[in-house]
Each structure stands twice: as structure tokens, then as C-alpha cells.
Amino acid sequence: MVIIPTYNEAENIRPIVTRVRESVPDAHILVADDNSPDGTGKVADELAVEDDHVKVLHRKGKEGLGAAYLAGFRWGIEHGYGVLVEMDADGSHQPEELPRLLTALKGADLVIGSRWVPGGRIVNWPKSREFISRGGSTYSRLLLDVPIRDMTAGYRAFRKETLEGIGMDEVASQGYCFQIDLAWRAIKAGFHVIEVPVTFIERERGESKMSRDIVTEAAWRVMSWGVGTRVNKVLGRKDSRDSKDSRDSKDF
């Protein structure tokens with residue numbers, strides 16, 4: 001199931017759904033709409049009537065990207081889906097690259113579509129935005145001591161067992177921080193995480209949801225996680241995110 005969270009994406013939702021269906025015909029799509037005032041939810045309902053592979057999850061209001069994905073994950077798991085994919089509605093994540101992520105998932109527990117590994121690239125981004133993204137990933141990688149190069153990437157394919165094993169009910173972060181949080185949890189739980197190169201294209205229609213608050217939240221939370229982990233190691237405490245059973249059975 002491909003989960004596409006939306007807020008004011010009426011212009012984008014039909015084209016992106018069409019591209020996903022063409023790229024992976026067997027995939028189902030869940031549009032998780034946060035009560036968009038521009039009518040995105042209505043367009044999604046029309047798509048669901050036209051195509052039984054499209055489902056719609058109507059949410060009460062704008063609660064953030066992380067909350068939308070978590071609701072989508074839970075919905076997908078409850079309805080029996082074994083693979084759940086994160087994908088933006090604005091076309092920045094290319095559905096045509098989804099088959100490569102799914103192929104890679106055959107040998108992994110989480111696959112990240114990465115802009116910052118060899119072969120990955122971005123299109124139509126200003127240097128300031130690239131600096132924030134690259135800097136955020138480097139900052140997170142160093143503080144959390146993980147080998148992932150694109151910690152903030154939002155194009156991902158999860159196995160159901162990975163999501164069930166990382167403590168989704170404990171996740172409260174949003175935006176950039178949500179993606180960092182899930183990747184770190186997966187690694188600490190011992191799941192096999194790999195990155196595959198993708199091309200990220202800046203949206204052509206609609207407005208970006210990026211804000212100063214999202215960046216600030218990520219910086220503070222990552223710092224607190226990194227410092228907390230190091231303190232726990234010094235004091236000999238068990239980190240609440242560690243999972244001995246999963247670490248014993250899986251490798252990174």
C-alpha cells in the first residue's frame with residue numbers, strides 16, 4: 001500500500017495517483033487527507049469511486065505529516081498489507097522509481113529512496129534548501145551515530161514487521177524529525193536498512209509545507225536523542241529504543 005498524505009493538494013493528487021497505478025499496477029493507494037480546505041478529499045473520493053485500488057482516510061484536521069503517516073501505517077496493517085510505502089503527493093517522489101525500492105525491499109526491512117548516495121540527485125532546488133537538507137542529514141548521522149546518508153528522506157518502503165517492531169505508538173515527532181525518528185528506531189531495533197538512489201524533483205504546483213518550526217523541532221529532538229543515548233551508555237542504562245530480540249535476529 002502506498003500512503004500519500006495530503007493537505008491542499010487538489011491539483012496534484014490525481015496525477016500522482018495515476019502515475020503510481022501505471023508504475024506498479026498491483027499497488028493499492030491510501031490517500032490520508034487532513035480535511036484539506038481546497039477539496040483534496042473530494043477529489044480523492046472521486047478517485048476511489050473510479051478505481052478500487054484507491055482508498056481514502058479522512059482525518060479531522062491538519063495534524064502534521066508524522067501523524068498522517070502513522071494513521072496510514074495503522075490502517076494498512078489492520079487491513080492486511082505487508083508492505084507500506086511513504087510517498088509525497090506533490091510529485092517530488094517519482095512513482096516510476098517505486099519498482100526499484102520494492103525490489104530492494106526483498107533483501108531489506110526498510111528501503112530509503114536517497115538523494116545523497118551515488119546516483120541520487122535533486123532537481124530545481126535552491127542552494128539554501130539543499131544546504132538545509134544535507135546539513136540536517138549530516139547533523140543527524142553524526143549525533144545519532146548511524147550510517148544513513150539521507151536521514152530526512154520521505155520516500156520509503158517498509159515491511160509491516162519493521163513498523164510493528166519500532167514502537168510506532170511512542171512516535172510523537174513530525175516533519176523532518178519524523179523521518180529521522182523512524183530510521184533511527186529501525187536501526188536501533190536491529191532491522192536491515194538500505195538506501196537506493198532516487199531523483200527528487202521540486203514541486204511544480206502548490207505550496208511547500210516546510211517551515212522554520214519543522215527544522216527547529218528536528219534540531220532539538222535529534223540533539224536530545226543523541227545526548228540521551230550517550231548519557232545512558234556512560235551510566236550503563238538500557239536505551240528504551242533498543243530491542244535485543246530484533247538485534248539478535250537481524251543485521252544492519
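Predicted model: local features only at pLDDT ≥ 70, side-chain atom pairs only at ≥ 80, totals over all residues.
Visitor: Why is Arg185 called buried, and why is Glu170 called exposed?
Guide: Arg185 has a relative accessible area of 5% and Glu170 has 54%, and because buried means under 20%, exposed over 50% and partly exposed in between (1.4 Å probe, protein chains only), each falls in its stated class. Arg185 also forms a salt bridge with Asp181, at 2.7 Å between the closest N and O atoms, and this partner is buried at 2%. The two residues are separated by about one helical turn, because they are 4 residues apart in helix H7.

Visitor: What makes Arg129 and Glu202 a pair that ties together parts of the structure?
Guide: Their side chains meet in a salt bridge at 3.9 Å, N to O. Arg129 lies in helix H5 (residues 127-144) and Glu202 in the loop between strand S9 (199-201) and helix H8 (212-235), so the tied parts are 73 residues apart in sequence. Arg129 is buried, at a relative accessible area of 17%. By this rule the count comes to 14 salt bridges, and Arg14, Glu46 and Glu50 are linked in a network of them.

Visitor: How do you know that Arg156 has no salt bridge?
Guide: The nearest side chain of opposite charge, Glu86, is 4.6 Å away from the buried Arg156, which is beyond the cut-off, and therefore no salt bridge is assigned; in this scheme Lys and Arg count as positive and Asp and Glu as negative, with His and the chain ends not counted. A polar atom of the Arg156 side chain does lie 2.9 Å from the backbone oxygen of Met151, and one lies 2.8 Å from that of Ala153.

Visitor: How do you know that strand S4 (residues 83-86) and strand S7 (residues 156-159) are joined?
Guide: They share 4 bridges and run antiparallel, and because two strands pair if DSSP finds at least two bridges between them, they count as paired. Within S7, Ala157 is the bridge partner of Val85. These strands belong to an open sheet of 7 strands with mixed pairing, ordered S3-S2-S1-S4-S7-S5-S8. Its edge strands, each pairing on one side only, are strand S3 (54-58) and strand S8 (193-197).

Visitor: What makes S2 largely enclosed by the rest of the structure?
Guide: S2 is described in this way because 5 of its 5 residues are buried. Ile29, Val31 and Asp33 point one way from the strand, and Leu30 and Ala32 the other way. S2 runs parallel to S1, joined by 5 bridges, and Val31 in S2 is the bridge partner of Ile4.

Terms used:
Residues numbered from 1 in each chain as written. Heavy atoms only, no water. Salt bridge = Lys/Arg side-chain N within 4 Å of Asp/Glu carboxyl O. Polar contact = N/O pair within 3.5 Å; in protein donor to acceptor, adjacent residues only side chain to side chain.
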